[in-house]
Amino acid sequence: MSITFYYAPQSSAFRIRVSLAELDVPHEVVRVDLRAGDQKKPDFLALNPNGKVPTVVIDGTPMFESVAIQIALGERYGVQKGLWPAPGSPEQLTALSWLVWGQVSLFGALFRYMANTSDYFPKELHNEKQAEQTLTEVRALLRILDERLDGRPYVLGERCTLVDLDFVAMLGWGLMAAKIDIADLKNLKGWLDRIAERPAVKAATDET
Ligand SMILES: N[C@@H](CCC(=O)N[C@@H](CS)C(=O)NCC(=O)O)C(=O)O
């Protein structure tokens, strides 16, 4: 078994960094300098034609898209570690729903909101009406997550799983960058504080 992980700190690869650390799977990390354009070099594009991180090579096969990587890691290594439900179990169906919901629905809306408001995106592309509409969408989705966490310490129940580790990558940074206040969402706030305390999350947050 071999895993090579192409990584840049403070990027979408954060979630895989944290997941590999929590899974405690041996892997080689290759730092990709996004500013220098390492991700657009032919060798890298041969692994991931999108020229983006995260990219992993598992036993010689390259993979891209963090949600696909999370599922592959979960199925191969997560079940034994209690970080992913057993394939075919009802819990796995729930895990897949929330994992994909987080990346597609929640992050999709958060990204659209940021594209219309944040300094990370050119001001001339900001649109006030779109910002208003996507903020309503983000808030509704955050409320769904808050309700899910009512009476559950983690998204799937009593244990922290790859779903929580995936969400924290997007919400820990995203809510702060988008300046979205979640003081009224008590379950979500408690969950975020709890996950942020995990050593693997702290270590990845501190990386530069
Ligand atoms: N949907 C992809 C997003 C990957 C992505 O956008 N990665 C960014 C870093 S956050 C990147 O590598 N950007 C470099 C570039 O586009 O040149 C995933 O989740 O894996």
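Visitor: Which residue forms a salt bridge with Arg-15, and how far apart are the closest N and O atoms?

Guide: A salt bridge is a side-chain nitrogen of Lys or Arg within 4 Å of a carboxyl oxygen of Asp or Glu. Here Arg-15 pairs with Asp-166, and the closest N and O atoms are 2.9 Å apart. The pair links distant parts of the chain, with Arg-15 in helix 1 and Asp-166 in helix 6 (residues 162-177), 151 residues apart. Helices (H or I, at least four residues) and strands (E, at least two) are DSSP runs, numbered from the N terminus. This is a predicted model, in which local features need pLDDT of at least 70 and side-chain atom pairs count only at pLDDT 80 or more, while totals for chains, interfaces and linings use all residues. Residues are numbered from 1 along each chain as its sequence is written, and side-chain values use heavy atoms, with hydrogens and water left out.

Visitor: Are Arg-15 and Asp-166 buried or exposed?

Guide: Buried means under 20% relative accessible area, exposed over 50%, and partly exposed in between (1.4 Å probe, protein chains only). Arg-15 is buried at 6%, and Asp-166 is buried at 0%.

Visitor: How many salt bridges are there by this rule?

Guide: The count comes to ten. One of them joins Arg-198 to Glu-22, with the closest N and O atoms 2.8 Å apart. Arg-198 lies in the loop between helix 7 (186-196) and helix 8 (199-206), and Glu-22 lies in helix 1, so this pair ties together parts 176 residues apart in sequence. Arg-198 is partly exposed at 21%, whereas Glu-22 is buried at 19%.

Visitor: What separates Asp-193 and Lys-189 in helix 7?

Guide: Asp-193 and Lys-189 are four residues apart, which means about one helical turn between them. They form a salt bridge with the closest N and O atoms 3.0 Å apart. Asp-193 is partly exposed at 41%, and Lys-189 is partly exposed at 37%.

Visitor: At what angle do helix 1 and helix 3 pack?

Guide: Axes are lines fitted to C-alpha atoms, for helices over the stretch in contact, and angles run from 0 to 180 degrees between N-to-C directions. Helix 1 (residues 14-23) and helix 3 (residues 66-81) pack at about 10°, with their axes 10 Å apart.

Visitor: Which residues in helix 1 meet helix 3?

Guide: Contact means heavy atoms within 4.5 Å. Arg-15, Ile-16, Ser-19, Leu-20 and Leu-23 in helix 1 meet residues of helix 3 that include Ile-69, Leu-73 and Tyr-77.
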